[in-house]
Amino acid sequence: MLELVSITVILCTYNRCSSLANALGSVAASTLPESIEWEVMVVDNNSDDETREIVEDFCRRYPNRFRYLLERRQGKSYALNSGIGEARGDVLAFVDDDVTVESTWLQNLTAGLGSGEWAGAGGRIFPQWPCTPPSWLPEKDWYGMAPLTMFDLGPEAGPLTDAPFGANMAFHRRVFEKYGIFRTDLGPGPNSKVRNNEDTEFGRRLLAAGERLKYEPTAVVYHSVPQKRLQKEYFLTWWFNKGRADIRETGVAKDTKWFVAAIPLYLFRKLAFGTLRWMVTLDPARRFSYRLTVWLLAGKALESYRKSREVKHKPKNLASV
């Protein structure tokens, strides 16, 4: 039996001072047992707005609760990894700068991690709509809603079979010591080839190693949905980049034998089938969901081709990407 003694909440931010104060205010209102020490580490990823002033105000208002850390290397994974390196907690919880959390969020997310049964946990992420959702939005498909950072597997707790999202997850410190930190070739950043998967790749890494992750539905955060994201182009671009990130993360299927222009033949078959379903479906939400699948597969095809070009032109004395 492990004893949960301390928690560090890591919140990475970049030029979002308008939403940051609300996020920090909601975390500050968290209620935990007095026996547990906890802190909030805000990692400023080189913002040029009023981010630092906002965080320092919270540091003054809540002494020994909030800490400010500047990470000048641009990219969310760099910020996450810096936060991990400076954190003091036995358990590290992660949350975004554009969410608000329920007062019981942190307690519920981490409570199960004291038994030693679970290496980490993930909770529910509900959207905060700025308006009535458009009819083409696949609201009943939580995976299709991933561009809005929605994560909801229902009201029952249990083991996760896929990785939680970075806006609401927590892990024992030991897993970072054993399995490494977040990959810097994935995730948002100015020079990122792929802007997804830095969070979910880590969770899948743990699951592949046999670690157990818990789904905790009572750990709830609310993610704001900017009006500009309720556009088809945003969803299509997100899923295209997700396809690229998937190939960057794991490569093509290991048993693949047939390729066309370095692209697995099975991707062409899936693209043809997905396009057909997209074209013949009449329901707006289902039709758009199938279209998203096509864009995902197209991203995988492009990244497969690009990776083959990288390997072909890489000097032989350098390791493969």
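When I say contact or touching today, I mean heavy atoms within 4.5 Å. Hello everyone, and thanks for coming.

This is a predicted model, where local features need pLDDT of at least 70 and side-chain atom pairs count only at pLDDT 80 or more, while totals for chains, interfaces and linings use all residues. Residues are numbered from 1 along each chain as its sequence is written, and side-chain values use heavy atoms, with hydrogens and water left out.

Let's begin with the whole chain. The protein chain has nine helices and eleven strands; helices (H or I, at least four residues) and strands (E, at least two) are DSSP runs, numbered from the N terminus. The radius of gyration is 20 Å, close to the 20 Å that the globule rule gives for 321 residues, so the chain is as compact as a globular protein of that length. For that comparison, the radius is taken over C-alpha atoms, and the rule is 2.2 Å times the number of residues to the power 0.38. Along the principal axes, the C-alpha atoms fill a box of roughly 60 × 55 × 45 Å.

Of the 321 residues, 51% are buried. Buried means under 20% relative accessible area, exposed over 50%, and partly exposed in between, using a 1.4 Å probe and protein chains only. If we take contacts with a separation of 6 or more, 78% come from residues 24 or more positions apart.

Now for some individual places. Where does Glu 216 sit? Its place is in strand S9, residues 213–224. Is Glu 216 buried or exposed? Glu 216 counts as buried, because its relative accessibility is 9%. Its side chain makes a polar contact of 3.2 Å with that of Lys 214. A polar contact here is a pair of N or O atoms within 3.5 Å; within protein, one must be able to donate a hydrogen and the other to accept it, and residues adjacent in sequence count only if both atoms are side-chain atoms. Leaving aside residues up to four places away in sequence, Glu 216 touches Asn 108, Gly 122, Gly 123, Arg 124 and Ala 157.

Next, have a look at Gly 75, in the loop between strand S3 (66–70) and helix H3 (76–86). Gly 75 is buried, since its relative accessibility is 6%. Pro 190 is 115 residues away along the chain, yet the two C-alpha atoms are separated by 6.8 Å. Pro 190 is also one of the residues that Gly 75 touches, together with Asn 45, Pro 188 and Gly 189, again not counting residues up to four places away.

Helix H6 covers residues 198–208, and its buried residues include Glu 198, Phe 202 and Leu 206. What do the buried residues of H6 pack against? They meet H3, strand S8 (168–172), helix H5 (173–179), S9 and helix H7 (232–250). After H6 comes Gly 210, with a positive phi near 95°.

Finally, a word on backbone angles. Most residues other than glycine have a negative phi. Asn 15, not a glycine, has a positive phi of about 55°. Asn 15 lies in the loop between strand S1 (6–13) and helix H1 (17–28), and is partly exposed because its relative accessibility is 28%. Asn 64 also has a positive phi, near 70°, and lies in the loop between H2 and S3. Asn 64 is exposed, at 75% relative accessibility. In the loop between helix H2 (51–61) and S3 we also find Pro 63, exposed with a relative accessible area of 55%. From Pro 63 to Thr 281, it is 57 Å in space, C-alpha to C-alpha, and 218 residues in sequence.
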